[in-house]
Amino acid sequence: MSLDLEALCIHAADGTALFAPLTLHVPAGSVVTVMGPSGVGKSTLLDSIGGHLAHGFRLSGKVRLNRRDVTDLPAETRRIGLMFQDALLFPHLSVGDNLAFGLPPALRGRAARRAAVDAALDQAGLTGLHDRDPATLSGGQRARAALMRTLLADPAALLLDEPFSKLDAALRGDMRRFTFDHVRARAIPTLLVTHDPDDAALGGTVVALTGHPTA
Amino acid sequence: MKPALIAALSLSLATPALADWQQTLDTARGQTVYWNAWGGDERTNAFIAWVSTQTQALYGVTVEQVKLTDTAEAVTRVIAEKAAGQNDGGAVDLIWINGPNFLAMKEQGLLHGPFVADLPNAQYLDLGPTSPASVDFTVPVDGMESPWRLAKFVFSYDAAKVAEPPRSMAGFADWAAANPGRFTHPVPSNFMGATFLKQALIELAPDAAVLQQPVTGAAFDAATAPLWAWYDALRPNLWRQGETYPENESVQQQLLNDGEVDIAMSFDPASTAAAIADGLLPETARVFVPVGGSIGNISFVAIPYNAAHIDGAKVVANFLLDPATQAHMQDITVLGSFSVLDPAKLDLAAQAAFAALPTSDALPTLADLGPTLLEPHASWMTRLTDEWARRYTK
Amino acid sequence: MTRDGRLLRGVVLVAVGLGLIAPITLGLWQTARAAFGILPALGRDTLSLDPWRDLALLPGFATSLRLTLVTGVGSTLLSVLMATGFCAAVHARMTPAAGARLLTPFLAIPHAAMAVGLAFVLAPSGWIARALAPLAGWDRPPELATVNDGWGFALLVGLMVKEVPFLLLVILSALGQIPVARHMAAGRALGYGRGIVWIKIIMPQVWPLIRLPVWVVLAYALSVVDMAIILGPSNPPTLAVAVTRWFTNPDPAMILPASAGAILQAVIVAAGVALLIGAEAAMRRAGRWWLRRGGRGLSAEPGLRAASAAVMVLMGLGALAMLSLVVWSVAWRWSFPQILPESWSLRPWGGAHDGWMRALANTGLLAGATVAVSLALAIAWLEGEDRARRTRAPWAEALIYLPLLVPQIGFLFGLNVAFLHIGISSGMAAVIWAQVVFVFPYVMIALSDPWRALDPRMIHAAAALGAGPGRRLWAVKLPILLRPILTAAAVGVAVSVAQYLPTLFMGAGRVATLTTEAVTLSSGSDRRVTGVYATLQAALPFAAYLAAFAIPAILHRNRRDLTGAPAHEP
């Protein structure tokens, strides 16, 4: 598995490019970190890879997943997982139902689906919290539940948007390790954007995103 | 009593008319008649609901009352339909109508008919050329509308608060001067307010006979000069100095009950007794009419030219003329409206039914009501209310 | 990628354009033709200015015009001032949720019902006078013109009783989007008094958020009919009432000057809105100069206190009015100067049984149908924006507000004729359509802000988990937005229940609703039956609001993030 960006560039409505064209290879199981000043368009870059780009932006270049061109596919068919600084668990669903939301439909049978969710809860240290209101979880629990929800969807690549920045310092290290361990164990190509140098230190390649000269 | 009466009636009918009427009844069965009628009076609304239950049971015709705040709404509706070229299947089947609205619809060709002579129960009516059932505000009815209730202009007052009500229209000016702020009348753009002015006009005009002719400029100036002199004297002593007026007679009756004014007026001699029974006027309310008599007219129902349910509407108009219906309507506990039928044409059983109706202290006898004055020609009313608006609406 | 978004947006725009905007344009066009002398049904087919001359010559025309301007502009300006002053005084002590709960009865009750109650409370023989009677020694009602007065003062008060709570809610929810406490602290630290910080710092931020609702209030106040019939002067009445009367005059030729009056009504509203825009620009210029002078003017406090007191008085009057409706509906004999009925009876409820049950059923059916259509349309619109990943264009915003800014009387007669022309007969379907024209904008306004406040990353997360657009809508957005959706529905119910002219015109009077019956009965003599209808009229929207609070609270009882206050209500 691999994620490739080929001369990827995003243009605003007035035609100006947000940053210089980006070409990048993210091999399976490795984390590539993109760093850059705030406002340069790091989140917009992830939006474009995930298929969430807002109207008015124009994309040039290609996004390839396992060498397949996914640039024009809708977000829900790309199988690219997404994590934000907020866990963004669905507030109307229980913790378990949040995790089950991402399970592929191919996994059939109530018991099998429930078992998959329970196994994921166990791995995340959330045993027994299946029916809990996500609003009652601690910050760390929420972050782990969100990661498990993403992983249960069996993503072919993972995008992380400053995923640890809202956690307190002690928790941040744990969560970072927890995340990276899972990514490597499952051999998922992962792209991380951040301005925290510690995030970069643990990862592999670091790419600096520079603003467009005229921006 | 009613089924027997209907049976008797069917037997007495001439055969060709009977056949026609039977056809009307057959077509009408299953129809819903939209009766556009002023909806400000709960008792009238309840009576119309009762009519619906009766016509459903007898003829399979349902009556839906379309409650109007003003009869002209129904006229406008028919005009809008005509404007749009909808010449059949119209929304209005039957209208409670008379006076200017009737004149307007008749002149514009918006009415179906003549149809009254086809109604079996028309036999109980006095349809002579000068009868109140043949002339609506001096406009010949020509069979284009069918009578259903008698209206006679009366005043009501609280006998506990007013020792001596005015005895004539001229007397109202003096009475108001002695009791400032205690009298008013509905706004003349309302039918009842206009009637108050007409009642005064008939009494005060130098020659009341001209009122029966279409109005002319000269006749209007001559006939109304004393009226305006009288009104100029009256107005400063009206409730709120005549700067505002109740919207209609019901609002004024409420003012009487609230004690804001001492005198109200109505086109229904039984309404005071009825309102007492309903808890809407004090027990001490009574009725009076000016010594010279008061304006009387008949309320009619008419059918628009484009009505969707013309036959059903005819069945309802006929039912309203049934002696049993008229007796029920005259019952003070029901509606208390006087019958439009000619007593001389009723059989003994029907006469007995009328004689057996309950009475009340607040219900005047026919003798108390005095002579009936004829409505002026409809053109006078329009002219009168326009002139009033011109003089007193600033 | 966004083809289904474009398709959905296209369908919604066509539906709104043909369903809502075209009827208004068509109706205005027909009315305008009549205003310039063209009404083929009456055999008039030459262009002329005669209707305008006739209009100007109608007795009391100038007074009607003056009354409209004084009550419409006056009530709006006073309402804005009072609501602002009140918010400045109590904002720190009142959360938007608490405010919404307190204001709900005032928002739910239709104008007509409130007017019926107020007429009794304020009348010389009314509740206030009855309370004062023993002290003042009145055995008869005092001769004071406290309702239907020639100045339109009672109408002004009536409008304010309804508009102030609406504006309070609008301002409170606008304040929720501004860090008021921090601005206040910063301003006061610079030596400005609380009231002055409010005027110089907070209001300039609030105004852009409440500008459109204020326009709607102004347009409504300038063209209100039902409340003006009940509380306003009658000889002459306000322009809107006069135009309605001219339309229903026995003389059909009056339709021509009536149409001119209806177009004038629309022009007045446009001029009123233009005036507000002009005033805003002038204030901005003058305000900047005033700001730069840096005066600390610590003396705004008395003004705020006066505004708060006035709001309290208005709310007290409104509460008394609502209470009086209920009391009348169970009274039998109740004459001056008794403060409570002399005898009680449930007969008004039983007596009108057939009547009110049917009116209630009709009202419920209309409310259900119009809200369902409006809600579906609003959700389709918002979802279309989401799928196209667009924000709303200003012209689209204007499209939504248009029905609320054009006076109903300006196009309803024309619309009626137009409907008949294209073969849509009067009746339930036509009423539903006409009501949707007014219900949809309110539902849209109520739903837009909470819908857009939903974190788009939440939806991106759902997409990244493999959920397609349909599943994102049904399984994520709608459940999360359940409370604002139900609140928007309740707003829609309140608007639908209150519709008077559209129901009257498009239903050919056949569709009897609680409101048409209440207005008709208010011109009758039986306050008790009017009380029954007005009570029901207020109860129905109130029940809808209650349901909007209760249903999410029950369904989401174990979901802490969803049981908070609704984000916004209009």
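1. Two strands count as a pair if DSSP finds at least two bridges between them. By that rule, strand β7 (residues 154-158) of chain B pairs with β9(B): the two are joined over four bridges in the antiparallel sense. One place to look is Phe155(B), whose bridge partner in β9(B) is Phe288(B). The model is a predicted one.

2. The pairing in point 1 belongs to an open sheet of three strands in chain B, ordered β8-β7-β9, with antiparallel pairing. Its edge strands are β8 (263-266) and β9 (285-288) of chain B, and each of these pairs on one side only. From one strand to the next, the twist averages 30°. Helix α9 (residues 249-258) of chain B packs on this sheet and touches β7 and β8 of chain B. The direction of helix α9 makes about 150° with that of β8(B).

3. How confident is the predictor in chain B? The average pLDDT of chain B is 88, and 95% of the residues score at least 70. Residues 1-15 of chain B should be read with that score in mind: pLDDT stays under 50 there. For this stretch the model has nine contacts beyond four places in sequence.

4. Chain A contains seven helices and nine strands. A compact globule of 215 residues would have a radius of gyration near 17 Å, and chain A agrees because its own value is 17 Å. Along the principal axes, the C-alpha atoms of chain A fill a box of roughly 55 × 40 × 30 Å. Of the 215 residues in chain A, 40% are buried. Among contacts in chain A between residues at least 6 apart in sequence, 73% join residues at least 24 apart.

5. Chain A also has an open sheet, here of five strands in the order β6-β7-β8-β3-β9, with parallel pairing. β6 (80-83) and β9 (206-208) of chain A stand at the edges with a single partner strand each, so one side of each has no neighbour in the sheet. Neighbouring strands are turned against each other by 20° on average, direction ignored. Helix α5 (residues 139-152) of chain A packs on the sheet, where it touches β6 and β7 (157-161) of chain A. Between the directions of helix α5 and β6(A) the angle is about 170°.

6. Within the sheet of chain A, which strand pairs with β3 (residues 31-35) over five bridges? The partner is strand β8 (residues 190-194) of chain A, and the pairing is parallel. Met35(A) stands opposite Thr194(A) in β8(A).

7. Chain C has 24 helices and four strands. Its radius of gyration is 24 Å, close to the 25 Å that the globule rule gives for 570 residues, so chain C is as compact as a globular protein of that length. The box filled by its C-alpha atoms is roughly 70 × 60 × 55 Å along the principal axes. Buried residues account for 56% of the 570 in chain C.

8. Which chains share the most contacts? Two pairs of chains are in contact, and chains B and C share the most. Here 50 residues of chain C are in contact with 55 residues of chain B. Several elements of chain C each supply at least two residues to this side, including α15 (353-387) and α24 (527-555). The residues on the side of chain C that touches chain B divide into 20 nonpolar, 20 polar and 10 charged. Chain A and chain B, by contrast, do not touch, and their nearest C-alpha atoms are 46 Å apart.

Note on methods: Residues numbered from 1 in each chain as written. Chains lettered and ligands numbered in written order. Predicted model: local features only at pLDDT ≥ 70, side-chain atom pairs only at ≥ 80, totals over all residues. Rg over C-alpha atoms; globule rule 2.2 N^0.38 Å. Buried ≥ 20, exposed ≤ 12 C-beta atoms within 10 Å, placed from the backbone. Contact = placed C-beta atoms within 7 Å. Nonpolar A, V, L, I, M, F, W, Y, C, P; charged D, E, K, R; others polar. pLDDT = per-residue confidence, 0-100. Axes fitted to C-alpha atoms, helices over the stretch in contact; angles between N-to-C directions.
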